[in-house]
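Q: I would like to learn how to read strands, sheets and helices in a model. Could we go through some examples together, one step at a time?

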Amino acid sequence: MDIIAAISTAPALSAIGIVRVSGEGCFALCDKIFRPLSGRAFSAARPREMILGRLLDREGASIDSCLAVRFPGPGSYTGEDCAEFHCHGSPVVLEEALASLFAAGARQAGRGEFTKRAFLNGRMDLTQAEAVIDLIESETAQAARNAVEQLGGALGRRLRPVYDALLNIASQFYAVVDYPDEDIPDLGREETLEALTRSETALTALLATANRGRVLRRGVPTVILGKPNAGKSSLLNALVGYDRAIVTDVAGTTRDTVEEKATAGGVLLRLIDTAGIRDASDPVERLGVERARRAAAEAELALLVLDGSRPLTEEDREVIRTAQAVPHVIAVQNKSDLPRQWDPASLEAGLGPALSLSAREGQGLEELEAAIARLFPEDGTPRGEILTNARQAESLSRALASLRGARAALEEGLTPDAVLSDVERAMNALGEVTGQTLREDLTARIFERFCVGK
């Protein structure tokens, strides 16, 4: 493979910026642009030891005083010779360093190409490779913890016994067919049925974590509903921690949906603040109300905001009916800093007592966060074994369907080759998850998700 190089840190001013290089011959290439202060060539430096030196541009002039480190293959991230330059974090310095490497013979790395080489060189399986970008994109501590365990191989270890069991079935079948004179016993029906059932149970349990994984990765679609001036935008601002939405005493200020992300109770919420639901005469506000109803139809959680300082009205009841269509609802009696006009315990429509808070004053938010955490709790699944990747879930679903087909064929007394056909389909689908049977076009599409330099 040729030598690749890329800036591996964000393109912004920072204390430190890193340029990464990988490929056979990269140490000799780095000798052309880096002069250790010790006078000893970089290519002769001790592995994994930072050394101080001068980084040179294409004309041999100093760009920066920086640290460099080399990682000989195969014990490097990519499995081949790698080097890193830890520079002062000026984007200009980093771009000049990259240009110098290009002039010396390296080329620009593609998106995810370092991790792709690690996968192709056997340094990690595909579940670990995809965990890299999941870790980078994590928006909650729970998501990061799950991703880092997958990076350590947790998901691959969960799938390996399933693949090995199917491989044993297939290899036994082919041994009997290919070596008829060796007196190899045929596939044992009960033993095969037990292996298929065990594998089916394992995949079913893993796929059951996909909903929790979707919450970890994408967050919970959450709609904030209420009549005009109930305090919806104030609640949005309180949850995100800054004035994201305009708040006034004028009813109908919010005329369109406003979207933002926030973490509450350890749960990532994709918040949608909506126009106040009422019979609006203004055509723009009426359009906003329709969008609010559509947002409610697509949400998984509704924060139902009711003004506690005013008696409940028919408009409030209309909002309550809209919220009831959402799978999960938390009723919020807002404006607790003002005299209360109704008892939250009397809230009708089976919603239960409303939480009392003041979004504008920031009072009572802890109780709201606790209620959200109770609705979306951690389910005890070991970290790293929560399925957060839609592509992996789709492949595992196909593997499970094939396993069920194989078990049904065996129970119906069909010939072993009919069972084997479904077993092999299940193995191929599992291989798409771990990378054991992966097409080149699918590999390319997977690593397109990555950022350059990783």
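Q: Which residue of S11 is the bridge partner of Ile 224?
A: Keep in mind that this is a predicted model. The bridge partner of Ile 224 in S11 is Leu 303, and the two strands concerned, S8 and S11 (residues 301-307), run parallel and are joined by four bridges. Ile 224 also has a bridge partner in S10, namely Asp 273, and here S8 pairs with S10 (residues 267-273) in the parallel sense over five bridges.

Q: Are the residues on the two faces of S8 buried or exposed?
A: The general idea is that side chains in a regular strand alternate between the two faces of the sheet. In this case Val 220, Thr 222 and Ile 224 lie on one side, Pro 221, Val 223 and Leu 225 lie on the other, and all of them are buried. Since six of the six residues of S8 (residues 220-225) are buried, the strand is largely enclosed by the rest of the structure.

Q: Where is Thr 274 found, and how far apart are Thr 274 and Ile 224 in space?
A: Thr 274 belongs to the loop between S10 and helix H10 (283-298). Its C-alpha is 6.3 Å from that of Ile 224, although 50 residues separate the two in sequence. Thr 274 has a relative accessibility of 0%, and therefore counts as buried, the cut-off being under 20%.

Q: In what order do the seven strands of the open sheet stand?
A: The order is S3-S4-S5-S6-S2-S1-S7, with mixed pairing. Strands S3 (34-36) and S7 (107-108) stand at the edges with a single partner strand each, so one side of each has no neighbour in the sheet. Helix H3 (residues 113-120) packs on this sheet, where it touches S1 (4-7), S2 and S7, and its direction makes about 135 degrees with that of S1. Within the sheet, S2 (residues 14-22) and S6 (residues 82-89) run antiparallel and are joined by eight bridges, with Val 19 standing opposite Phe 85 in S6.

Q: How do the axes of H13 and H14 cross?
A: In general, two packed helices are described by the angle between their axes and the distance between the axes. Here the axes of H13 (residues 390-411) and H14 (residues 416-434) come within 8 Å and cross at roughly 165 degrees. Because angles over 145 degrees count as roughly antiparallel, H13 and H14 are roughly antiparallel to each other. The crossing in which H13 passes H14 is left-handed. The residues of the contact of H13 with H14 divide into 12 nonpolar, four polar and five charged.

How values were computed: Residues numbered from 1 in each chain as written. Predicted model: local features only at pLDDT ≥ 70, side-chain atom pairs only at ≥ 80, totals over all residues. Heavy atoms only, no water. Buried < 20%, exposed > 50% of the residue type's maximum accessible area, 1.4 Å probe, protein only. Pairing = 2+ DSSP bridges. Contact = heavy atoms within 4.5 Å. Axes fitted to C-alpha atoms, helices over the stretch in contact; angles between N-to-C directions. Parallel < 35°, antiparallel > 145°, perpendicular 65-115°, else oblique. Left-handed = near helix turned anticlockwise from the far one by under 90°. Nonpolar A, V, L, I, M, F, W, Y, C, P; charged D, E, K, R; others polar.
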